[in-house]
Amino acid sequence: MKLFPFKPDTTLNITALLLRLTSALMISHGWKKLASFSEKADSFPDPLHVGHTLSLSLTIFAEFLCSILIVSGLFTRLATIPLIICMLVIIFIVDKGQPYLESESAIFYCLLYFAILVIGSGKYSLDNAIRKTY
């Protein structure tokens with residue numbers, strides 16, 4: 001008896017969908033920052049020394065907009081890049097010198113986005129629907 005009664009392609013496509021849907025958890029992080037933009041703009045961490053407002057804007061772009069793109073499966077691989085960079089900044093700059101558990105969720109998300117980058121959006125995505133159209 002097989003553990004998964006699907007063809008390998010189907011299993012991979014379902015896995016890609018589930019990984020993409022997991023990115024919905026990041027949307028709430030971006031939304032909180034977007035909703036409180038004016039309060040956070042002057043005090044948001046600036047680890048790359050580009051300014052507090054720009055750091056916050058780039059983080060919102062990654063966490064909110066790119067996560068929405070990933071969940072919908074639109075420009076999926078491209079949308080993972082800002083999120084991977086954002087998580088690496090958190091892991092290696094923002095949380096530098098902190099105990100491992102401080103970076104645990106950033107490490108989890110970074111691995112998630114790297115897996116999505118490698119696997120792609122899969123069959124159940126807007127990327128695939130667009131590919132079939134053209």
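Biologist: What makes α4 and α5 a contact pair in this predicted model?
Modeller: Contact needs heavy atoms within 4.5 Å. T59, F61, A62, E63, C66, S67, L69 and I70 in α4 meet T76, A79, T80, P82, L83, C86 and M87 in α5. By class, that contact has 10 nonpolar, 4 polar and 1 charged residues.

Biologist: How is the packing of α4 and α5 described?
Modeller: The angle is about 145°, and the axes lie 9 Å apart. The crossing is left-handed.

Biologist: How do you know what span to expect of α4?
Modeller: The rule is 1.5 Å times one less than the number of residues. Helix α4, residues 52–72, has 21 residues. From first C-alpha to last it reaches 30 Å, close to the 30 Å expected.

Biologist: Where is the kink in α4 centred?
Modeller: On C66, with a bend of about 30°. C66 is also one of the α4 residues that meet α5.

Biologist: Which residues of α4 are called buried?
Modeller: Buried means under 20% relative accessible area. In α4 that covers S55, L56, T59, I60, A62, E63, C66, S67, L69 and I70.

Biologist: Why is H49 called exposed?
Modeller: The cut-off for exposed is over 50%. H49 has 69% relative accessibility, so H49 counts as exposed. H49 sits in the loop between α3 (37–40) and α4.

Biologist: What is the phi of H49?
Modeller: Near 60°, a positive value in a residue other than glycine. F75 is another non-glycine residue with positive phi, near 50°. F75 lies in the loop between α4 and α5 (76–94). Just after α4, G73 has a positive phi of about 80°.

Technical notes
Residues are numbered from 1 along each chain as its sequence is written. This is a predicted model: local features need pLDDT of at least 70, side-chain atom pairs count only at pLDDT 80 or more; totals for chains, interfaces and linings use all residues. Side-chain values use heavy atoms; hydrogens and water are left out. Helices (H or I, at least four residues) and strands (E, at least two) are DSSP runs, numbered from the N terminus. The bend at a residue is the angle between axes fitted to the seven residues ending there and the seven starting there. Buried means under 20% relative accessible area, exposed over 50%, partly exposed in between (1.4 Å probe, protein chains only). Axes are lines fitted to C-alpha atoms, for helices over the stretch in contact, and angles run from 0 to 180 degrees between N-to-C directions. A crossing is left-handed if the near helix is turned anticlockwise from the far one by less than a right angle, and right-handed if clockwise. Ala, Val, Leu, Ile, Met, Phe, Trp, Tyr, Cys and Pro count as nonpolar, Asp, Glu, Lys and Arg as charged, and the others, Gly among them, as polar.
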